[in-house]
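User: I would like to go through this structure by question and answer. Please keep the terms simple and define each one.

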Amino acid sequence: MTTRRIIRQQYRELISTVQQNHELMLSTNNDKLTEALEDADKLFSGVSWAREAALDAQFLVLASNLGKEKASQLHSDMTIFDPSAFAEDLLSLMGLNRLEIEESDSEEEQVASGFLPNNAWHKLGEEAKKYFRRAPVFHFMLGTFTPDPPVERPRIERQRKKATSDGNRAMPAQLKKMEESHQEATEKEVERILGFLQAYYAEEPSTPISFLEFVTDPNSFSRTVENMFHVSFLIRDGLARIKLDQDKLPIIEPLRPQGVENYEDTQARKQAVISMSYQDWMNIVEIFEISEPMIPPLSQSQK
């Protein structure tokens, strides 16, 4: 028996089996129709003539009809939408209480009597809002955009300043005089403090002078700060120097003692910033037991 005959015989047996087992093919409890389609697919790989192809087409028509009939018998588990039931559920959600509805002959009178609460639609909106994603509100980063060009502000022409008079020109000269007088007073105060430092050093050259005791005024915190300020000029100009004693406390001594000429300091001068708070000043006065200032105020020294 040739291969063509074998294929034709197998096609006929397959068609006959499908027709005889019609109810079995339509059952949803098995895959008989799928198995028959797979067998036909294997047979089609050996089809090369029109006669075998005609048998394959006959089987496909039979299988298509069975598939259509089987699909029509399927029932989905989805519930059918019932508008009346949906309306009832919606009214219940909105707060309908049928027990409080007054009997009336027409539906219009029932609606007019207000059988729904006042916030019924608001309640429905709040519930529906849970299932929607709200888009962010659109806004401009630099404020509201308006297509109109900005309104031009009227330009205010500034009047040129008139030439100052002789009286107004005298003001810078007065400021200059005040600055010069202030600088002159500072120089005099520095020279006065240098005189006290040289006098104390000349009395006892072997006894170091405590810097904190020298600048501290026990009666005035502000004069203490001023004394430190004026002493800084002595350090800058090389007229005095500050160093540490054995107890690591600052001491001060003049570099040009009184009565000594052509005195030169061979060490390099260095500057530093010393801060003092009001509490520090009180502690220094208490610890060093300072009762009288070593640099008396200018008003006392002039007496």
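User: Leaving aside neighbours within four places in sequence, which residues is Ile252 in contact with?

Analyst: This is a predicted model, in which local features need pLDDT of at least 70 and side-chain atom pairs count only at pLDDT 80 or more, while totals for chains, interfaces and linings use all residues. Residues are numbered from 1 along each chain as its sequence is written, and side-chain values use heavy atoms, with hydrogens and water left out. Contact means heavy atoms within 4.5 Å. With neighbours within four places in sequence set aside, the contacts of Ile252 are Leu197, Ile209, Phe211, Phe214, Val231, Ala240, Arg241 and Ile242.

User: Which residues touch the most other members of the largest nonpolar core?

Analyst: A nonpolar core is a set of buried Ala, Val, Leu, Ile, Met, Phe, Trp, Tyr and Cys residues joined through side-chain atoms within 4.5 Å. Buried means under 20% relative accessible area, exposed over 50%, and partly exposed in between (1.4 Å probe, protein chains only). The largest core has 23 residues, and those touching the most other members are Phe214, Val231, Leu234 and Ile252.

User: Which helices each supply at least two residues of this core?

Analyst: Helices are DSSP runs (H or I, at least four residues), numbered from the N terminus, as are strands (E, at least two). The helices that each supply at least two core residues are helix 8 (166-203), helix 9 (211-215), helix 10 and helix 11.

User: Why is the pair of Phe221 and Trp281 classed as it is?

Analyst: Rings of Phe, Tyr and Trp (its six-membered ring) pair if their centres lie within 6.5 Å; planes under 30 degrees apart count as stacked, over 60 as edge-to-face and the rest as tilted. Phe221 is in helix 10 (residues 221-236) and Trp281 in helix 11, 60 residues apart. Their ring centres are 5.9 Å apart and their planes at 65°, so the pair is edge-to-face.

User: Is Trp281 buried or exposed?

Analyst: The relative accessibility of Trp281 is 9%. On that value, Trp281 counts as buried.

User: Which element has the lowest mean pLDDT?

Analyst: pLDDT is the predictor's confidence in each residue, from 0 to 100. The mean for the protein chain is 78. Among the elements, helix 11 (residues 278-287) has the highest mean, 91, and the lowest, 46, belongs to helix 6 (residues 107-113).
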